[in-house]
Each structure stands twice: as structure tokens, then as C-alpha cells.
Amino acid sequence: MIWNPIKECMPEEQKRELQGKRLHKVVDYVYHNVPFYRHKMQEMGIEPGDIQTIDDIVKLPFTTKQDLRDNYPFGLQAAPQSEIIRIHASTGTTGNPTIVGYTRKDIDVWSECMSRCLTAYGVQRSDIFSVAYGYGLFTGGLGVHYGVENLGATVVPTSTGGTQKHAKLIKDLGVTGLACTPSYALHLAEVIEQMGIKKEDLKLRVGAFGAEPWTENMRQEIQARLGLKGYNIYGLSEIMGPCVSYECECQDGSHINEDHFYPEIINPVTLEPLERGTDGELVFTTLTKTGMPVLRYRTRDLCSLLPGDCPCGRTFVRMSAIKGRSDDMLIIRGINVFPSQVESVLLEIPECAPYYRLIVDRKDNLDILTVQVEARPDYLSEGFDTLSPITALEKKVADRLKSVLSISSVVQIKMPGSLERFEGKAKIVTDNRKLV
Ligand code: ADP
Ligand code: ZN
């Protein structure tokens with residue numbers, strides 16, 4: 001099913017024309033309402049009249065998270081306060097959070113785009129959908145919530161916390177759909193298993209997982225343990241929240257809601273635009289937002305835009321899975337390492353559970369990568385009294401990692417259940433080098 005075939009399946013030419021018109025309009029709007037953009041454009045010697053087609057986008061300035069922080073809290077807001085009906089904030093680990101204000105129109109566009117995502121996952125009005133993303137300043141909870149309501153399915157606003165209570169509700173209410181982070185989905189699976197609830201007793205059939213990177217192996221694991229089909233959902237608060245892109249039934253990349261969010265891929269160092277199919281940094285321009293529109297926002301997310309058509313019939317371009325962040329990429333002894341690469345390796349090893357941590361230290365000017373991973377309970381139950389299975393597994397994991405990452409690491413096998421579980425975004429990496 002397609003929620004809005006007129007938009008989602010728009011012929012390419014028509015889509016580009018619409019994008020061009022909308023781009024001109026948004027540029028004109030921010031030029032007259034946001035001094036930050038007016039000054040930037042004046043510095044570059046461009047005016048709204050210079051932006052007529054979507055190809056003109058390359059003339060525009062970039063926006064970074066730092067720009068949002070520097071203009072905290074409302075400096076980039078384009079609409080008057082009386083038009084803003086909601087505020088969200090991105091978590092932000094350092095400094096000011098980024099504040100995003102939404103007008104009623106923005107909330108409507110968001111709900112529309114969320115309904116497109118949910119429909120692509122096969123969600124229908126008869127579904128009972130539990131939203132276990134955090135409700136509050138984080139965009140996940142309320143964003144998905146409005147989409148489910150707009151579609152007409154039943155929403156259960158679970159939010160995070162109280163996993164046992166959530167598990168019971170899923171069973172008792174016959175919940176069919178679940179939205180949460182992939183790491184929380186695994187935690188939920190674990191709690192459900194511990195409570196002795198069988199997946200056959202659940203009606204779960206579809207999951208909308210995102211807000212953090214996850215791999216194909218992780219998908220298989222979640223699907224097998226919860227008995228549902230898991231779909232990717234991507235988004236970020238600076239652009240809107242969850243709904244920016246979504247997988248269809250083909251599950252070969254995520255379609256971007258291109259009539260509202262225009263994507264580009266750039267080389268994060270030279271800032272040059274890159275070809276379809278090439279990995280680089282994802283950049284978005286909001287084409288219709290009125291509260292806080294952004295021009296060429298650098299997401300720091302690394303991925304590619306996929307060439308070719310999708311058999312589902314949607315013409316919206318697809319983005320690959322996020323391969324890392326240009327700011328999260330670890331450089332260990334000069335080699336780029338993405339946490340997702342480590343995850344892929346670990347999940348291919350049957351003795352390893354999908355709970356792991358990466359710790360990077362520097363000793364005597366040498367980077368040391370420590371990978372902690374939990375063993376699966378059934379693996380350790382045999383020969384628990386001897387250390388040999390652990391040592392053997394540590395060696396096996398270290399060898400595999402070495403062949404994939406080209407660097408050696410210290411592997412520590414942990415007891416099942418010993419690593420902290422997260423309800424929101426998982427904190428997988430600790431880089432202690434910054435402290436030295
Ligand atoms: P913050 O994490 O700063 O609070 P957001 O909550 O808006 O900001 O998170 C947006 C970021 O989350 C994205 O830029 C991306 O890095 C990550 N993210 C969101 N969805 C996905 C997804 N499906 N796959 C990978 N990463 C994702
Ligand atoms: Zn498709």
C-alpha cells in the first residue's frame with residue numbers, strides 16, 4: 001500500500017520541478033525572516049532570485065549543528081513565536097541543545113510523512129501500535145505518535161521505561177506494531193523471554209526501528225526473537241524528526257520524502273557534491289518547513305543515495321543504511337573504524353550475543369581498541385566451570401575483527417546480561433583518548 005501515490009510515485013521531471021519551486025520559496029522566506037541566512041547569502045553574493053531550479057541548490061550556504069548552537073535558542077526560527085505550536089530539542093551531548101520550533105503546518109507535514117512510512121511498513125487502521133520511543137523533547141515519541149493517529153491505527157503511547165509492563169501490554173492488548181530503537185527492541189525481546197512469554201503468544205507483526213544505526217544482522221536477530229518484520233525509519237530533529245526516510249517492502253534502502261526534504265551527498269572534507277552511489281555526508285534542505293527551515297544542513301551521517309528505480313513504484317530516491325557519522329568515525333592507529341563494522345562481525349559469530357561495547361584508549365601513544373561482547377547464555381552453559389570456552393571465543397572474535405578491520409583489538413567476553421541495556425539511543429562507544 002502507498003499512502004500518497006501522487007507524491008510518492010511522482011514522475012522524476014515533475015518532482016524536480018516541484019522541488020525547484022519549493023526551494024525558491026523557502027530561500028526567499030528565510031532571506032526575509034532569518035538574519036543568519038540573509039547575512040550568509042549576502043556574503044556569498046547571492047539573492048533569492050538566483051535560486052530558480054533545484055540544481056541551483058549548490059549555490060547556497062551550508063548549515064551546521066554549530067550554527068544552530070550559536071543561534072540558540074530561537075535565532076534560526078523563521079516564523080513568529082505566535083505561529084509556533086511545539087518545540088523539540090535534540091539531545092546533544094555537549095553545549096547547548098538544538099531547539100526546533102514547529103508551526104501547525106510543520107506538524108501536519110510531519111504526520112503526513114509519518115503516515116507514508118507506516119503505510120509502507122504495512123500498518124493499517126486495524127493495527128494496535130506501541131510507540132516506545134521517548135516522549136518529550138526527543139522527536140521520536142510524539143513524531144511517530146501523530147503519524148499513527150493520522151493514519152487511523154490505534155496508538156499506545158508507551159514511551160520508554162517499564163519494560164516488563166510494556167511486555168505485558170504487548171501481550172494483553174494484542175499489540176501488532178512497535179516503534180523503538182533497535183537496541184531497545186532487543187532488550188524488550190530479552191525481557192519478554194525472561195518473563196516466559198512465548199513469541200507465539202504475541203501478535204506483533206511489524207516494527208519501525210531507527211534513531212540509531214543498525215545492521216542487517218541486527219534486523220535478523222530482532223525479527224527472529226520478536227516474530228515481526230522490522231523496517232528502518234530515519235530522521236533527525238533539525239530536519240523534522242522520524243519520517244525523513246523509510247523502507248518499503250523491498251527493503252533495499254530507505255525512500256526519502258523528497259517533496260519535503262531535499263537530499264545531497266557531499267565529500268565531508270572538500271564539500272563537493274558526490275555522484276549517486278558514492279558514500280559521503282548526507283545533507284538536507286527542508287523544502288516546505290515554516291517554523292525553522294534549514295538550508296543544506298550537514299547531518300554528519302555517512303551514506304549514499306542509491307541509483308536506479310525501486311520495484312515498489314515509489315520514485316523518491318533511496319538512501320543506503322547509515323554507515324557511520326563523519327564525527328563518530330573512530331580513527332584507530334590511523335585506520336577508520338565504524339562501530340557498525342564491528343557490530344556486523346560480532347553478529348555473524350553465533351556464540352556472541354548482540355550486546356557489545358567499544359572502548360578506545362591510548363597507552364604509550366598507541367591506540368588500543370577493546371571490544372566487550374556478551375556470550376550467548378547457551379554457549380556458556382556448557383563448560384561454565386572452565387575458562388577455556390571464553391578464551392577460545394575471545395581469540396575467535398579477535399581474529400575475525402582483525403581480518404575485517406585490519407587492526408588488532410583486545411576482546412573481552414562478558415557474562416550474559418552483564419552489559420548495561422539502554423532504552424533510548426545506545427551508548428556503544430567510549431573514546432578515552434580525548435581525556436588524555
Ligand atoms: P540527537 O541524537 O543529536 O539528539 P536526533 O535525535 O535528531 O539528534 O538524532 C538524529 C540522528 O540519529 C541522525 O542524524 C542519525 O545519526 C541517527 N539516526 C536516526 N535514525 C537512524 C537510522 N534509521 N539509522 C541510523 N542512524 C539513525
Ligand atoms: Zn521502494
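**The cavity, then the metal**

Mentor: The largest cavity has a volume of about 50 Å³ (a cavity is a set of points on a 1 Å grid over the protein atoms alone where a 1.4 Å probe fits but cannot get out; its volume is the space filled by probe spheres set on those points). Keep in mind that this is a predicted model, where local features need pLDDT of at least 70, side-chain atom pairs count only at 80 or more, and totals for linings use all residues. Residues are numbered from 1 along each chain, chains are lettered from A and ligands numbered from 1 as written, and side-chain values use heavy atoms, without hydrogens or water.

Sorted by type, the lining has 7 nonpolar residues, 4 polar and no charged ones; Pro and Tyr count as nonpolar here, and Gly as polar.

Now for the metal. Cys248, His255, Cys310 and Cys312 hold the zinc ion (ligand 2) at 2.1 to 2.3 Å, through donors, which are N, O or S atoms within 2.8 Å of the metal. Angles of 104 to 115 degrees among the 4 donor atoms make the site tetrahedral (four donors, all angles between 85 and 135 degrees). Along the chain, the donors are spaced C-x6-H-x54-C-x1-C. Both His255 and Cys310 are buried, that is, under 20% relative accessible area with a 1.4 Å probe.

Methods: Donors are N, O and S atoms within 2.8 Å of the metal (3.2 Å for Na, K and Ca); water is not among the atoms, so sites may look incomplete. Four donors count as tetrahedral if all angles lie between 85 and 135 degrees; four count as square planar and six as octahedral if opposite donors are over 155 degrees apart and all others between 65 and 115; anything else is irregular. Buried means under 20% relative accessible area, exposed over 50%, partly exposed in between (1.4 Å probe, protein chains only). On a 1 Å grid over the protein atoms alone, a cavity is a set of points where a 1.4 Å probe fits but cannot get out, and a pocket is an open set with protein on both sides within 12 Å along at least five of seven lines; lining residues have an atom within 4 Å of a point.
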